[in-house]
Amino acid sequence: QEVNQRAQVLDNTVVGITVGESSISGLQDPVQLTFPHRELPQVIQPCLPSMSPPAGGWRSSGCVTQPGDKGTVCSCDHLTFFTLLLNQALDGSTAKGLMAVATAGCGVAMAFSIFTIAFCIFIRCRFRFEETVRINLGLHMNLVGSLFLLNLAFLLNSGLSGRTHPRACRVLGGLTHYCLLCCFTWTALEGCQLYLLFIKVLGIYIPHYLGKLCLVGWGFPVLVVGVAGGLGSYGEYRIQTTDHQVLAHLCWITSKHLLVHYITNCGYFGLIFLFNMAVFGVVTQKSCSLQDTGAVQGYRKPWKVALVAAGLFFLLGATWALAFLTYGISSTPVLYLFTILNCLQGIFIFIWLVILYYPKTKETTGSLSYIIRHDKTTTASQD
């Protein structure tokens with residue numbers, strides 16, 4: 001199996017060249033191999049990687065790739081197993097369209113992130129909420145703040161990375177990775193807060209609770225980025241089209257350190273999303289049971305129940321899950337759908353918070369807190 005699951009072996013052909021059991025490397029006259037093939041649309045063919053049998057995996061070190069009359073010619077200074085890997089890529093027009101949508105979407109998302117933070121500050125100062133709601137609003141502000149920083153980092157990255165010094169590019173790549181991990185971590189903290197509110201319904205007092213959450217939400221990614229930076233994981237990352245043209249230079253985790261990406265991004269978010277979906281299922285089941293028993297008298301409108309569920313789904317990382325599920329898929333509609341949904345995440349959260357938290361009666365409490373309070377009362381009466 002290939003280490004890079006997005007790549008394909010051309011014609012399922014692998015050539016092995018060995019001399020006895022000796023390891024041959026550093027040849028002055030390189031070995032030349034020609035892989036014949038016809039024109040290959042929708043793919044790029046930049047290299048002929050070599051495989052190291054003990055460790056496994058394909059590496060391009062020691063090989064130079066050149067186009068030939070009969071196919072792709074690869075010159076290598078060592079003997080091992082060889083093949084030609086093909087990576088899926090977008091055509092130029094689709095890639096440019098996606099970049100334009102993503103850039104515009106980031107600007108819109110940043111604007112609504114500012115609106116959301118301003119709205120949360122306004123209602124916290126203007127209305128008298130109970131402590132649970134104030135903590136929830138603080139959590140939401142930090143999550144939206146991390147989304148704002150991530151969108152800002154992406155715009156800076158796409159605009160500056162092609163003209164930056166390698167050292168500055170490493171810093172910018174680490175900053176972008178830090179903002180992404182902050183989004184993931186605050187998403188996890190949203191799930192933990194829901195767990196404490198809906199499952200630990202009798203409440204647990206934690207001194208300086210929001211401050212401790214901030215220490216985790218903004219501090220833990222620093223440790224991860226520090227370790228990844230110490231391993232030299234950050235640098236220039238190129239996005240190429242099918243005709244071998246470089247569409248964008250990004251400062252990100254380099255292709256030589258894909259394991260760092262899989263562990264810190266894919267693996268980390270996968271664990272978070274599984275936990276959050278478990279919490280979401282429990283919350284949904286408990287809310288439905290409260291509706292059926294009539295325990296919540298002021299919370300019967302179906303559209304509001306659906307709104308709460310949809311908002312929680314976004315807060316708990318639904319769009320990020322779509323990103324990882326579509327990773328490696330070159331379907332144009334799927335890519336546009338993910339790009340648009342991710343850009344609209346800030347708008348959806350803003351609308352959700354306004355409808356959910358803005359007081360319309362003399363009871364200035366949020367709907368989530370309303371459910372929790374009645375759940376506590378029901379549980380106490382049952383006990």
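Helices in this talk are DSSP runs of H or I, at least four residues long, numbered from the N terminus. With that in place, Ser-146 sits in helix α2, which covers residues 131-160. The model is a predicted one.

Some overall figures to begin. The chain has 383 residues, and 43% of them count as buried. There are 10 helices and 12 strands. The accessible surface is about 20200 Å², with 63% of that belonging to carbon and sulfur atoms. If you take the contacts with a separation of 6 or more, 76% of them come from residues 24 or more positions apart.

Next, the annotation. An unreviewed UniProt entry marks "transmembrane region" at residues 98-123, 135-155, 175-198, 210-231, 262-284, 305-329 and 335-358. I looked at two of these spans. For residues 335-358 the figures are 92% helix and 0% strand, with 35 Å between the end C-alpha atoms.

What is the angle at which helix α8 and helix α9 pack? Helix α8, residues 332-343, and helix α9, residues 345-357, pack at about 40°, and their axes are 4 Å apart. Angles under 35 degrees would count as roughly parallel and 65 to 115 as roughly perpendicular, so α8 and α9 are oblique to each other. On the α8 side the contact is made by Leu-341, Asn-342 and Cys-343; on the α9 side, by Gln-345, Gly-346 and Phe-348. Sorted by class, that contact has 3 nonpolar residues, 3 polar residues and no charged ones.

Back to Ser-146. Is Ser-146 buried or exposed? Its relative accessible area is 1%, and buried means under 20%, so Ser-146 is buried. Setting aside neighbours within four places in sequence, Ser-146 is in contact with Cys-179, Cys-182, Cys-183, Trp-186 and Trp-218. One of these, Cys-182, is 36 residues away along the chain, with a C-alpha separation of 6.0 Å from Ser-146.

Met-110 belongs to helix α1, residues 92-126. Its relative accessibility is 13%, so Met-110 also counts as buried. Which residues does Met-110 touch, not counting those up to four places away in sequence? They are Phe-148, Asn-151, Leu-152 and Leu-155. Between Met-110 and Leu-150, which are 40 residues apart along the chain, the C-alpha distance is 9.1 Å.

Gly-281 is placed in helix α5, residues 258-293. The relative accessibility of Gly-281 is 37%, and it therefore counts as partly exposed. From Gly-281 to Ala-309 it is 28 residues in sequence and 10.0 Å in space, C-alpha to C-alpha.

Where does His-208 lie? His-208 is in the loop between α3, residues 166-198, and α4, residues 209-230. His-208 has a positive phi of about 50°, although it is not a glycine. Exposed means over 50% relative accessible area, and His-208, at 68%, therefore counts as exposed.

To recap the residues: Ser-146 is buried, Met-110 is buried, Gly-281 is partly exposed and His-208 is exposed.

How values were computed. Residues numbered from 1 in each chain as written. Predicted model: local features only at pLDDT ≥ 70, side-chain atom pairs only at ≥ 80, totals over all residues. Heavy atoms only, no water. UniProt positions renumbered as here; feature names shortened; annotations may be inferred. Helix = DSSP H or I, 4+ residues; strand = E, 2+ residues; numbered from the N terminus. Axes fitted to C-alpha atoms, helices over the stretch in contact; angles between N-to-C directions. Parallel < 35°, antiparallel > 145°, perpendicular 65-115°, else oblique. Contact = heavy atoms within 4.5 Å. Nonpolar A, V, L, I, M, F, W, Y, C, P; charged D, E, K, R; others polar. Buried < 20%, exposed > 50% of the residue type's maximum accessible area, 1.4 Å probe, protein only. Areas by Shrake-Rupley, 256 points an atom, 1.4 Å probe, with all protein chains shown as cover.
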